[in-house]
Structures are given as structure tokens and as C-alpha cells.
Amino acid sequence: MKIGEIKKSALRRMNDCYPQTLLVMMIFLSAHLFFVIAEALLIQFYVKRGEVVDIVNMAVPTGVMAGTAIRIVAEFMVLAPINVGTAWWLIHCIRGENNNVGFILICFSNAKIYFRSLLLSFIVSVIKLAMSIPVVLCAYLEYMLLSSFADSSYRSGTYIALGVCCTIVLLCTVLLYIWLIANFCVVNFMFTMNPDEKIFNIIKQSVKAMDRNKMTVVKLVLSFIGWGFSAIFVFPLFFAVPYAALSYAILMDKIIDREISRSTADMFMRNTIARK
């Protein structure tokens with residue numbers, strides 16, 4: 001799978017469905033941004049009241065903790081189905097099928113598929129969280145070393161060497177973490193193909209499908225770095241975001257079709273819970 005060919009296919013598809021793709025991605029990004037802004041406003045509210053909000057040192061007002069807990073639950077209940085719905089819409093779109101924008105909310109139309117999408121997202125999130133423990137520990141150790149380095153009595157060669165080593169280890173653990181969580185790239189797309197499939201089977205198949213394709217995903221992401229710098233001008237994002245989303249969906253579809261050997265012709269032809 002050549003990255004250039006994937007991106008050319010995405011551009012061709014954009015000629016047919018650019019307005020719909022842009023609208024879908026705006027809904028997707030706005031939903032995520034809403035909860036980020038809500039959290040920031042909550043923290044700002046307590047800061048203006050003169051209360052100390054220091055997350056690193058766990059100096060957080062009870063109201064912020066309660067609000068954050070509510071926000072996390074609400075975010076999960078809303079964003080997990082939207083994430084699956086976005087994958088659902090994209091896979092339809094790049095296959096030239098019905099690209100009704102309403103498909104992004106398809107998980108909310110059926111109670112069973114809604115809760116299965118939540119279960120899938122929850123299990124994947126727990127696995128990712130467990131994988132992040134080494135990164136968190138290394139980051140905390142790095143923070144403690146930097147805090148100690150602020151004291152002139154700790155500015156010895158030993159501490160500097162230890163800080164450098166810790167930074168290298170942190171960087172390696174972050175890269176390893178990114179490499180490992182790439183195993184779940186196709187989870188949502190595979191779920192859309194057969195929502196009745198057992199959740200752990202979907203995860204296992206995703207790991208299997210990504211075994212030889214993680215580097216291809218990395219190459220695709222890196223190929224859009226240049227577009228990332230254009231974000232400061234805002235307007236190019238209206239082209240770059242749909243372009244990147246369709247390119248990613250095309251790559252996921254090719255990986256699934258090649259590694260899992262699913263037929264691209266019978267998508268949603270099964271009598272799944274999504275069609276009942």
C-alpha cells in the first residue's frame with residue numbers, strides 16, 4: 001500500500017463528497033472540543049474565585065474534581081458512539097455507498113448497538129490506560145528530577161546525567177506506547193462491519209490486522225505534518241481535515257480487506273443488530 005496512491009484515492013473521493021465530509025468532521029471535532037472547553041471553563045471559574053488548582057500536586061478543589069468526574073462520564077457516553085459513528089460514515093463514504101451525514105449518529109438509533117459501542121470503547125480505553133503506566137511513571141520521575149534541579153544543591157553532574165537518562169527513557173516509552181496503541185487503529189472500523197461480533201474478537205482481529213501495518217499508518221500520519229503547520233492560517237484546515245480523514249479511512253479499509261480477508265461487497269448485507 002503506497003501512501004501516494006491512498007492520498008490520491010482520497011482526493012478523488014473528496015471531489016464527490018467534500019461538503020458531507022467537511023460537515024461530518026466538523027461535528028466530530030466540535031463534539032470533542034465542547035468537553036475540552038467545558039473543562040477549561042470550570043477550572044477558570046475556580047481560579048477566578050481565588051482557589052488554587054494545581055493538578056500535578058493534587059491541589060484540586062472538590063468542585064473541580066466532581067465536575068471533572070461528571071465531564072469524563074458524559075464525554076464517554078457521548079463521544080464513544082460518535083467516534084464509532086464517524087468511522088461508520090467514513091467507511092461507507094470511501095466505498096461509494098450511502099454517505100448520509102446522519103450515519104455519524106447511527107449508534108444513538110439502537111440501544112443495543114449504543115451500549116456495545118460503549119463497551120468496545122471502554123475495554124480499549126482500559127487496555128490503553130494500562131499500557132500508559134510506564135509512561136506516567138517516567139513522566140512523574142522526570143517531573144521530580146526537574147523539581148529537584150531547581151534547587152542549586154542538586155545541580156551536580158550525577159543529577160544532570162540522571163535527568164538526561166530519564167528523558168531518553170521517557171521518550172522511548174512514549175514511542176513504544178504509540179507503537180502499541182496503533183494495534184487498535186481499525187477497531188472502530190471493524191465494529192461497523194459487524195456490530196454483532198464479540199468485542200474481544202474485534203480487538204484480537206485488530207491487533208492481527210495491524211501487526212504488519214503499523215509503520216504504514218505512521219507514514220500516513222507523518223505525510224500530513226506539513227498540513228499541520230498550516231493550522232495557524234485556519235482556512236487550510238477545512239481542506240486538510242477531510243483529506244486526512246478520508247485517507248485514513250481508505251488505509252484502514254485496505255488493511256482490513258487484506259489482513260482479515262473480508263469482502264468489501266457485502267458490507268452491511270448481514271442481518272446485524274444495526275439493520276434490525
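Biologist: Where does Ser 206 lie?
Modeller: This is a predicted model. In it, Ser 206 lies in helix H7, which covers residues 199-210.

Biologist: Buried or exposed, that Ser 206?
Modeller: Buried. Its relative accessible area is 0%, and the cut-off for buried is under 20%, so Ser 206 counts as buried.

Biologist: Which backbone oxygen does the side chain of Ser 206 reach?
Modeller: That of Asn 183, at 2.5 Å.

Biologist: And what is Ser 206 in contact with, leaving aside neighbours within four places in sequence?
Modeller: Asn 183 again, plus Phe 184, Cys 185, Val 186, Val 187 and Met 190.

Biologist: Switching to rings. How many aromatic pairs in the whole structure?
Modeller: The search finds 7. One of them is Phe 189 with Tyr 248. Their ring centres are 6.0 Å apart and the planes meet at 55°, so that pair is tilted.

Biologist: Why tilted and not edge-to-face?
Modeller: Because edge-to-face needs over 60 degrees and stacked needs under 30.

Biologist: What about Phe 239 and Tyr 243?
Modeller: Tilted as well: centres 5.4 Å apart, planes at 45°. Both residues lie in helix H10, 4 residues apart, which is about one turn of the helix. Phe 239 is partly exposed at 31%, while Tyr 243 is buried at 7%.

Biologist: Which residues do ring pairs link into a cluster?
Modeller: Phe 108, Tyr 114 and Phe 115.

Biologist: What sits over the ring of Phe 224?
Modeller: The charged end of Lys 7, 4.4 Å from the ring centre.

Biologist: Zooming out, how many helices and strands?
Modeller: The chain has 10 helices and 0 strands.

Biologist: And how much of the chain is buried?
Modeller: Of its 276 residues, 39% count as buried. The accessible surface is about 15500 Å², and 69% of that belongs to carbon and sulfur atoms.

Biologist: Last one. What share of the contacts with a separation of 6 or more comes from residues 24 or more positions apart?
Modeller: They account for 75%.

Terms used: Residues are numbered from 1 along each chain as its sequence is written. This is a predicted model: local features need pLDDT of at least 70, side-chain atom pairs count only at pLDDT 80 or more; totals for chains, interfaces and linings use all residues. Side-chain values use heavy atoms; hydrogens and water are left out. Helices (H or I, at least four residues) and strands (E, at least two) are DSSP runs, numbered from the N terminus. Buried means under 20% relative accessible area, exposed over 50%, partly exposed in between (1.4 Å probe, protein chains only). Contact means heavy atoms within 4.5 Å. Accessible areas come from the Shrake-Rupley method with a 1.4 Å probe; for residues, only the protein chains shown count as cover. A polar contact is a pair of N or O atoms within 3.5 Å; within protein, one must be able to donate a hydrogen and the other to accept it, and residues adjacent in sequence count only if both atoms are side-chain atoms. Rings of Phe, Tyr and Trp (its six-membered ring) pair if their centres lie within 6.5 Å; planes under 30 degrees apart count as stacked, over 60 as edge-to-face and the rest as tilted. A charge sits over a ring if NZ of Lys or CZ of Arg is within 6 Å of the ring centre and within 35 degrees of the ring normal.
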